[in-house]
Amino acid sequence: MRFNEKEMVSLSRQPSEMAAELGMRGPKKGDVVKKRLVKLVVNFLFYFRTDEEEPIGALLLEQCRVEREDTQVFSIVFLDEAERKYLFECNSEEQCGEWVDSIIKASYEFMRKNLIFYRTEIHRLTGKDPLEQYGISDETRFQVNNGLQLMPRDTSSL
Amino acid sequence: MKLNERSVAHYATCDSPPDKTGFLFKKGERNTAYHRRWFVLKGNMLFYFEERDAREPVGVIVLEGCTVELCESAEEFAFAVKFDCAKARVYKMAAESQAAMESWVKALSRASFDYMRLVVKELERQLEEIQGAGAGGLQGRPKSSRSNQVARSRSGASTSSLSSSSSSSSSSSSAPPTAGPSPAQKGLQDEVQLPSDSSKENGVAWSKPPAAWSNGSADGASCVAWEACTDPGNNHGARAPPVPPRRRGASLESPVSPGTGCFSKLHDWYGREVEELRTQWLQSQ
C-alpha cells in the first residue's frame, strides 16, 4: 500500500505531545527490546533510533488497544491482529500511565466521540447546535447516529 | 520508513464510518494520466482503491498539514492537495462535478487531526462556560437560576426525557469521555462504573456514557455529580486535551496554522477559502 512517506517524515519532526526514550519490542517472535525515541504526533506513534533524524517507522493509532502490562510496561495491539503486541518499557509507573492516557486520546475516533458528546450536551443545555455557527453541522463525522455504537447503559437497577 | 500497513489497510475497510466517499480522478506520479479511483476519507487519512469494491486500498494520503487548492488544469473540477515540506508531492485530483469538487475540497481541508482537536477544544470550552454560568453555587446565584437554566433547555429538542420536577437536576455531569477517572468526578463514579481493569480500546475508550445520555429520570445521583463537577478549574486540569503543537515555521495566526488560537477566526478563514475557490472557479468559466 502506497503512502506519502516524505510528508510523514516531515510530520514526525513536528513538536509532539509526548516524546521519550523507551524500550520498544516489536510484535514478532524473537523481537527483542530496543532503546527507541518514541514520539507521539497527532494519531501516529513514530519511533526513531536515538539521535537519528528519520524515524524507523510509524504506527497509526486507530483501531488499536492500549493496555498496561505491568507497572512500567504498556502494550499496543491492533484490533485486526490482536495476537501481535508492541511492548513499551517506561522508566517509571507515572510515565507509563501518562503514555497510556495520551495514546488513548490520540485517535481521531476518540476525538469524534468527545465532540459528539459536547455537541449533544450543549444542545441539550441551550437548545442550540454549537456547530451550526461554523457551518459544519451537517458533516457526516459529527453526526450522533453516524454508525457509532453508543454503549447501552445498564438499566437493570432502575 | 515502516508503517503498520496491514492495520492501516484494515482501518480503511473496517466498519468505522467514513467521513466521505466517492470517485475522483487522481493524477499518477510517473504516468501523468488521471486515473479514476474510489476514495474513502476517514479522519485524516485519504484512502484510494482501484475499484469501489476492492478489498484493499491501493494507497493512502496522510492529510495532516496539507492545504487544498484549486489548480490550473485542462481537467475540469480539478483541485490539488499540497504539503508544506521539502520536495513534497502535489496530489492533483479532479472531481466529476462542481458540487463534488466543492464538497471534497471542504472535507479535505478540514480533515486534519489538528482541526478536529480545535473543534473539540472549542466545544469543551463552550460547555464549561455554559456549566459555569449554570452552577448557581459557584457564582453566588440563587438556585432558582439553575433550575431556570435547566427549564430553558427542555424547550430545545432533547433526547433525554427530563422530569418536570425542578428539584431534579438532570443536567449533566461535565464528564466527557476520558481515559480515567478524575478527582472532580468521583461523585459520578458511584453511578457510572468505570472499568477497573486498565485495558482501554482506542476509539472505544469511552466505556460508559455520562448520565446525561440515557438517563431521563436522574435524581439525587445526578445532583451529586453536578455538584462534584462545578469546579471548572479542577475539571479543566483533569480533562483538557493537550494543546495542539505549533508547527515550526508556520506563522502563529494563519489559516493553516494549528497554532491559531481563536477557533472562530480559523473557521472564518476556512469558510473564506472555500468561498474564494468557488468565486475563482465561477470566474474561470
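Modeller: Before we start, the expected span of a helix is 1.5 Å times one less than its number of residues. This is a predicted model, where local features need pLDDT of at least 70, side-chain atom pairs count only at pLDDT 80 or more, and totals for chains, interfaces and linings use all residues. Residues are numbered from 1 along each chain as its sequence is written, chains are lettered from A and ligands numbered from 1 in the order written, and side-chain values use heavy atoms, with hydrogens and water left out.

Biologist: What does helix α2 of chain A reach from its first C-alpha to its last?

Modeller: 19 Å for 13 residues, 93-105, close to the 18 Å expected. Helices here are DSSP runs of H or I with at least four residues, strands are runs of E with at least two, and both are numbered from the N terminus.

Biologist: And which residues of α2(A) are buried?

Modeller: A:Q95, A:C96, A:G97, A:W99, A:V100, A:I103 and A:I104. Buried means under 20% relative accessible area, exposed over 50%, and partly exposed in between, with a 1.4 Å probe and protein chains only.

Biologist: How far apart are the end C-alpha atoms of α2 in chain B?

Modeller: 17 Å, which agrees with the 16 Å that its 12 residues, 98-109, should span. Its buried residues include B:W104, B:V105 and B:L108.

Biologist: Switching to charges. How many salt bridges over all chains?

Modeller: The structure holds 15. The criterion is a side-chain nitrogen of Lys or Arg within 4 Å of a carboxyl oxygen of Asp or Glu.

Biologist: What does B:R117 pair with?

Modeller: With B:D114, the closest N and O atoms being 2.8 Å apart. Both lie in helix α3 of chain B, residues 113-134, 3 residues apart, about one turn of the helix.

Biologist: Is B:R117 buried or exposed?

Modeller: Buried, at 4% relative accessible area, and B:D114 is buried at 4% too.

Biologist: Which residues are linked in a network?

Modeller: A:E81, A:R84 and B:R6 are linked by salt bridges.

Biologist: Last topic, backbone. What is phi of A:V42?

Modeller: Near 45°, a positive value in a residue other than glycine. A:V42 lies in the loop between β3 (34-41) and β4 (44-48) of chain A, and counts as buried at 2%.

Biologist: Where is A:Q63?

Modeller: In the loop between β5 (57-60) and β6 (64-68) of chain A. A:Q63 has a positive phi of about 55° and counts as buried at 17%.
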